[in-house]
Amino acid sequence: MVLIPAHIDNYSARPVAYVNARLFDPSSSLDETGGLLIDRGVISDVGAGVTAARSPDTEIVDCHGHLLIPGLIDMQVFSGEPGFEHLETLGSASAAAASGGVSTIVCKPNTQPVVDDVAIVDFLERRARDTALVNVHTMAALTKGLKGHEMTEIGLLKAAGAVAFSDGPFSIKSAAVFRRLLSYANDFNALVIHHVEDEDLAANGVMHDSEAAMRLGLPGICDAAEVIVLERDIRLVELTGAKYHAAQISCAKSVEVMRAAKARGLPVTCGVSANHLVLNEHDVGTYRTFFKLSPPLRSEDDRQALVAGLDDGTIDVIVSNHEPQDIDGKRRPFAEAAFGAVGLETLLPASLMLYHEGDVKLDRIISALSCTPARLLGLDSGRLEIGAPADFVTVDLGMPWVLEVEKLKSKCQNTAFEDRKLQGHVMKTIVAGRCIHHFEP
Amino acid sequence: MPISPVLMTAEINQTDSAFSHPHLLGIEGLSLQDINYLLDLSETYVQQNQQTNKKRDTLRGRTQINLFFETSTRTQSSFELAGKRLGADVMNMSVTTSSMSKGETVIDTAMTLNAMRPDILVVRHSAAGAVELLSQKVSCAVINAGDGAHEHPTQALLDALTIRRRLGRIEGLKIAICGDVLHSRVARSNILLLNALGARVRIAGPSTLLPKDAERLGVEVFHRLDAAVVECDVVMMLRIQGERMNGSFIPSAREFYHFFGLGARALSFAKPDALVMHPGPMNRGVEIDSAIADGPQSVIREQVEMGVAVRMAVLDALSRNLPEQKVA
């Protein structure tokens, strides 16, 4: 029996046709006016042929010409459960996701307790089923207790439902340990996701190592801290043949390294956060802790290199890196403040800035937010095709709006886009055929 | 057909030159003729060991020293018994490596023992190549009883003898060797010997416990036990050391058992009468299920029995090449 959370009342047993939409799916190069027919949570028809007139005995939803894209899949979300329920819960994170057009979230393992045991994966699956609005997938730990020494039961964890493996915000220091992890994970065709940052080089740094950091008197994190680990990892991928994904890259040199690795045909992919695509180190301004992120916001040249990397396919996915932090964590001197920003609700509009600026084509952006993460994680969603789960979003691409902090659904309001003018707004979010979010202006 | 041990030995005595090596350091370097000679000679000792009087005087007057730098129960006692049954004077020396700096001290120990004029040294050492190094420094015959992750030739011979006696041949058999191949001298010697005898050898284990270029040994490599044992005539499980199950090479004994432990389900993919082997000592419930280890397809205890016979054959064969009288 599937339990449906009480607040979902939009379930319809009748087929539903979303008509008069601009259907847009990079996975099948679809871009045409038409509709989507949904029956029992699955897409049963798609295309120009799905219209109100041709769909008798069907509930009709007029999309008013809005963009209709596959639901977003966010590979880097800190959901707070278990152990940090004061920051976020699966319920609140999924409400934020729904509001942001994200139909699937992948939760990081750095919880309390750590997701390094089959029982915790099982707990999260049940908890998500009972409390979450969107699809929730678990990323299990690569090493026991995220300590970087002993590998977790990757085979059993994958069988329990873990879609990827990572040590969350930690890099694995020992190349020997990481080599064996890649070898072992490869036997199970498990995706290894790694935070690329040399712990010793990053040390107590709090922002990009640059003139700005010097003037602010803050310890910096050099880009080499990221590039060294990324290059090491790529050598180990070469040795083991394992599927590898760098969780987030933040600098121009990393883009170069990834581009070269892909040119050599290695099974490597990487992500970037929406924050790093549209913000830079100068946004930190006068010690604004909401811009204290990990990896740090880097120079404008780095940002432009990331945008170019996204445009040419060197960077595969865009993530929110949703990191809720409460006021106690952020209202501190910059060096002492917690890292991270919430991002589920700004993932799409922040990414769309690149489209509106003319920097990146729309299909690259939507692909990096939906079909590519689906492919990396082995999910059935992320596409508008017959038989696929009815996970999709309608978006008013041109709608201007201003982000009001108090309207955020997340338990925490530490956004890097407070009062920012944005363009492009999520109108409806549909998960498994159920409309879980509907924007009312 | 029961073979008269006396007759067999007489026949083999006529082809004395069949085994011409001064030492047995590994399977590597043995010819097919050498291997078959040792296996045939072992057969005679299997017969002898089943008699009431197991004793012979083949090695009377000879001194055999078992020099074990690494602890062992079954191999050491097997060699001890083999030597005693052939009439040799057997001395056991256990030297713990912890107090030694390897290399130089191994030679020192060997030179000291050599001065006592032994005829045969049986040596086990944790470092690959240590036994060969030692053999270069002494004037007696040296048998490798296991050197690091390199070779363990008498184990491979006893495994081959067990299979040959049970299935009548080795050529053409499908044999899966499963588990910690990376650290296993048993696996290396077995791969060399079984390949030499014409078997089709497969290895299976998680990538972390397989040598990187294992295919170069002339084996098929599998990362799933089920797939590896399909249609196999023999399934040979290897021991996995406890210290490798804590997350360094594999996550846990639980996960290892789940994916690589030999239970009834996995064994059902092999031929119905497939032999189950293990060099011992076993981790029951980790690499092998107790029900399988003690089941009708298991020849694990027979392997131990064959071990004594093979070691008698090796001692016998090497002693024939020893000089009758040593120069003072």
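This is a predicted model: local features need pLDDT of at least 70, side-chain atom pairs count only at pLDDT 80 or more; totals for chains, interfaces and linings use all residues.
Colleague: What is the strand order in the open sheet of chain B?

Modeller: The order is β2-β1-β3-β4, with parallel pairing. The twist averages 15° from one strand to the next.

Colleague: Why are β2 and β4 of chain B said to stand at the edges?

Modeller: β2 (89–94) and β4 (141–147) of chain B each have a single partner strand, so one side of each is left without a neighbour in the sheet.

Colleague: How do you know that β1(B) pairs with β2(B)?

Modeller: Pairing takes at least two bridges. Six bridges join β1(B) to β2(B), therefore they count as paired. The two strands run parallel. B:Asn66 stands opposite B:Asn92 in β2(B).

Colleague: What makes β1 and β3 of chain B a pair?

Modeller: Five bridges join β1 (residues 63–68) to β3 (residues 120–125), against a cut-off of at least two, so this is a pair as well. These strands also run parallel. In β3(B), B:Ile65 has B:Leu121 as its bridge partner, and B:Asn66 has B:Val122.

Colleague: Why is β1(B) called mostly covered?

Modeller: Buried means under 20% relative accessible area. Five of the six residues of β1(B) are buried, so the strand is called mostly covered.

Colleague: Which strands does helix α3 of chain B touch?

Modeller: Helix α3 (residues 74–85) packs on the sheet and touches β1, β2, β3 and β4 of chain B. The direction of α3 makes about 180° with that of β1(B).

Colleague: What unit do β1(B), α3(B) and β2(B) make?

Modeller: They make a right-handed β-α-β unit.

Terms used. Residues are numbered from 1 along each chain as its sequence is written. Chains are lettered from A and ligands numbered from 1 in the order in which they are written. Side-chain values use heavy atoms; hydrogens and water are left out. Helices (H or I, at least four residues) and strands (E, at least two) are DSSP runs, numbered from the N terminus. Axes are lines fitted to C-alpha atoms, for helices over the stretch in contact, and angles run from 0 to 180 degrees between N-to-C directions. Contact means heavy atoms within 4.5 Å. Buried means under 20% relative accessible area, exposed over 50%, partly exposed in between (1.4 Å probe, protein chains only). A crossover is right-handed if, with the strands pointing away from the viewer, the path from the first strand over the helix to the second runs clockwise.
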